[in-house]
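These are my notebook entries on one protein chain. I set down in order what I looked up.

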Amino acid sequence: MASNKPPVLSAAEIDDLLSMTLIANLATLDSDGGIHLLPMWFLRIGNDICIPSSAHTHKYRNLKAKPCASVMIDVSRAGLNLRGVLVRGRVELVYGEEARRINRLIHLKYVTPEGLNNTEVAAYLSKGDDVTIKVHMDRLISWNLADSKAGKALSTSGCFRPLDQ
């Protein structure tokens, strides 16, 4: 019996995806059991997804109480041209000089050095990003619907609606 599971990404494809300049979706658990979901900048360092944050945020309070999170990073295009990675893992909160160093690397992934020197940008990022959230990649789930039979059929036929930009 054939499996209905979509193709998954290879280890090299996961590495490529996690090195791209994309927006991650970070999910933490609220005290009432709800899910707090936010778009975030990220940088993969070794076996961790690192995300800059502030000690004054809702997500930080959630992670202090329950140090686990999920992070979804995906490339979603029209039709079934969808691929991505879901990372689930324990969270380590990093402070001080190490957090500033890691957060600077993350900022440089998304903003040019000139942009970081802009007074408004520098004030916002230096005031806000005083903590690094390290999500350990304890469990990975990946998907690659673009390489599925249905994904290839839609791509070849062009019978899909474009996504809004």
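**Entry 1: The chain as a whole**

I began with the contacts between residues with a separation of 6 or more, and I found that residues 24 or more positions apart account for 73% of these contacts in the protein chain. I note here that the model is a predicted one.

I then looked up the secondary structure. The protein chain has six helices and eight strands. Reading along the sequence, I wrote down the pattern α-β-β-β-β-α-β-β-α-α-α-β-β-α.

For the dimensions, I recorded that the C-alpha trace spans about 55 × 40 × 30 Å along its principal axes. The protein chain has 165 residues, and 39% of them count as buried. It exposes about 9900 Å², of which carbon and sulfur atoms supply 56%.

**Entry 2: Strand β1 and its partners**

Which strands pair with β1? I found that β1, residues 24-29, pairs with β2, residues 35-40, in the antiparallel sense over six bridges. As one example, I looked up Asn-25 and found that its bridge partner in β2 is Pro-39.

**Entry 3: His-36**

I next selected His-36, which is found in strand β2. Is His-36 buried or exposed? His-36 counts as buried because its relative accessibility is 19%, and the cut-off for buried is under 20%.

I listed its contacts, not counting residues up to four places away in sequence. His-36 touches Leu-26, Ala-27, Thr-28, Asp-30, His-58, Lys-59 and Asn-62.

**Entry 4: Aromatic pairs**

How many aromatic pairs are there? With ring centres required to lie within 6.5 Å, the count comes to two aromatic pairs.

Trp-41 is partly exposed, with a relative accessible area of 27%.

The other pair is Tyr-60 and Tyr-95, which is edge-to-face, with 6.4 Å centre to centre and 85° between the planes. Tyr-60 lies in helix α2, residues 58-65, and Tyr-95 in the loop between β6 and α3, so the pair ties together parts that are 35 residues apart in sequence. I compared the accessibility of the two residues: Tyr-60 counts as buried at 11%, whereas Tyr-95 counts as partly exposed at 38%.

I also recorded a charge over a ring. Lys-109 lies over the face of Phe-42, at 3.7 Å from the ring centre.

**Entry 5: More on Tyr-60**

I returned to Tyr-60 and listed its contacts, leaving aside neighbours within four places in sequence. Tyr-60 is in contact with Ser-54, Ala-55, Leu-93, Tyr-95 and Val-131. I also looked up the distance from Tyr-60 to Thr-132: their C-alpha atoms are separated by 9.7 Å, and the two residues are 72 residues apart along the chain.

**Entry 6: Asn-103**

My next residue was Asn-103, in helix α3. Asn-103 is buried, with a relative accessible area of 1%.

Where does the side chain of Asn-103 reach? It reaches the backbone oxygen of Val-131 at 3.1 Å. Leaving aside neighbours within four places in sequence, Asn-103 is in contact with Ile-51, Pro-52, Asp-129, Asp-130, Val-131 and Thr-132. I noted that Val-131 is also one of the contacts of Tyr-60.

**Entry 7: Ser-126**

Finally, I looked up Ser-126, in helix α5, residues 119-128. Ser-126 counts as exposed because its relative accessibility is 57%, and the cut-off for exposed is over 50%.

Methods: Residues are numbered from 1 along each chain as its sequence is written. This is a predicted model: local features need pLDDT of at least 70, side-chain atom pairs count only at pLDDT 80 or more; totals for chains, interfaces and linings use all residues. Side-chain values use heavy atoms; hydrogens and water are left out. Two strands pair if DSSP finds at least two bridges between them. Helices (H or I, at least four residues) and strands (E, at least two) are DSSP runs, numbered from the N terminus. Rings of Phe, Tyr and Trp (its six-membered ring) pair if their centres lie within 6.5 Å; planes under 30 degrees apart count as stacked, over 60 as edge-to-face and the rest as tilted. Buried means under 20% relative accessible area, exposed over 50%, partly exposed in between (1.4 Å probe, protein chains only). A charge sits over a ring if NZ of Lys or CZ of Arg is within 6 Å of the ring centre and within 35 degrees of the ring normal. Contact means heavy atoms within 4.5 Å. Accessible areas come from the Shrake-Rupley method with a 1.4 Å probe; for residues, only the protein chains shown count as cover. A polar contact is a pair of N or O atoms within 3.5 Å; within protein, one must be able to donate a hydrogen and the other to accept it, and residues adjacent in sequence count only if both atoms are side-chain atoms.
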